[in-house]
Amino acid sequence: MAIIVFAALSAAIVLWLVMRPATREIATVDWTGTNGVVEIFDGDRLARRYMGIDELSTLRRVKNGMEQVCRAGRGYLDANLNFMVDPDEKKVYFEISEFTNYIFFEQPDITDQ
């Protein structure tokens, strides 16, 4: 009897997992590198900078039947906007709305030759 109850419960859980709507998924990994930079703008003013980004992804969410798209990654928050990762600046997770004005670029490794 216990085996029948366990099998029925397992089937119900599998069915629930298959039929529930996905609320968040990573659609693609758009950029993978070692030294990306994202600059976010408030109008024409630089508002925030993330440095040392190794992956920038596109996330697609379904909420109340509406799809929302955003960009996400992990990088160092350049809080004082001096284009350097200072000792007190930590690596953080961030998301960028599809309506945000931003630029993304790979910071070259500049060395004197």
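This is a predicted model: local features need pLDDT of at least 70, side-chain atom pairs count only at pLDDT 80 or more; totals for chains, interfaces and linings use all residues.
1. The largest nonpolar core comprises seven residues: Val38, Ile40, Tyr50, Ile53, Leu56, Phe94 and Ile96. The greatest contribution, three residues, is that of E2.

2. Two aromatic pairs are found in a search of the whole structure. In one of them, the ring centres of Tyr50 and Phe94 are 4.2 Å apart and the planes meet at 10 degrees, so this pair is classed as stacked. Because Tyr50 belongs to strand E2 and Phe94 to strand E4, the pair ties together parts that are 44 residues apart in sequence. Both Tyr50 and Phe94 are buried.

3. Phe83 and Phe105 also form a stacked aromatic pair, with 6.5 Å from centre to centre and 25 degrees between the planes. Phe83 is located in the loop between strand E3 (66–77) and E4, whereas Phe105 is in strand E5 (residues 101–106); the pair thus links distant parts of the chain, 22 residues apart. Phe83 is partly exposed, at a relative accessible area of 29%, and Phe105 is partly exposed at 27%.

4. The side chains of Glu39 and Arg49 are joined by a polar contact of 2.9 Å. Beyond its neighbours within four places in sequence, Glu39 contacts several residues, among them Arg49, Tyr102 and the two aromatic residues Phe83 and Phe105.

Technical notes
Residues are numbered from 1 along each chain as its sequence is written. Side-chain values use heavy atoms; hydrogens and water are left out. A nonpolar core is a set of buried Ala, Val, Leu, Ile, Met, Phe, Trp, Tyr and Cys residues joined through side-chain atoms within 4.5 Å. Buried means under 20% relative accessible area, exposed over 50%, partly exposed in between (1.4 Å probe, protein chains only). Helices (H or I, at least four residues) and strands (E, at least two) are DSSP runs, numbered from the N terminus. A polar contact is a pair of N or O atoms within 3.5 Å; within protein, one must be able to donate a hydrogen and the other to accept it, and residues adjacent in sequence count only if both atoms are side-chain atoms. Contact means heavy atoms within 4.5 Å. Rings of Phe, Tyr and Trp (its six-membered ring) pair if their centres lie within 6.5 Å; planes under 30 degrees apart count as stacked, over 60 as edge-to-face and the rest as tilted.
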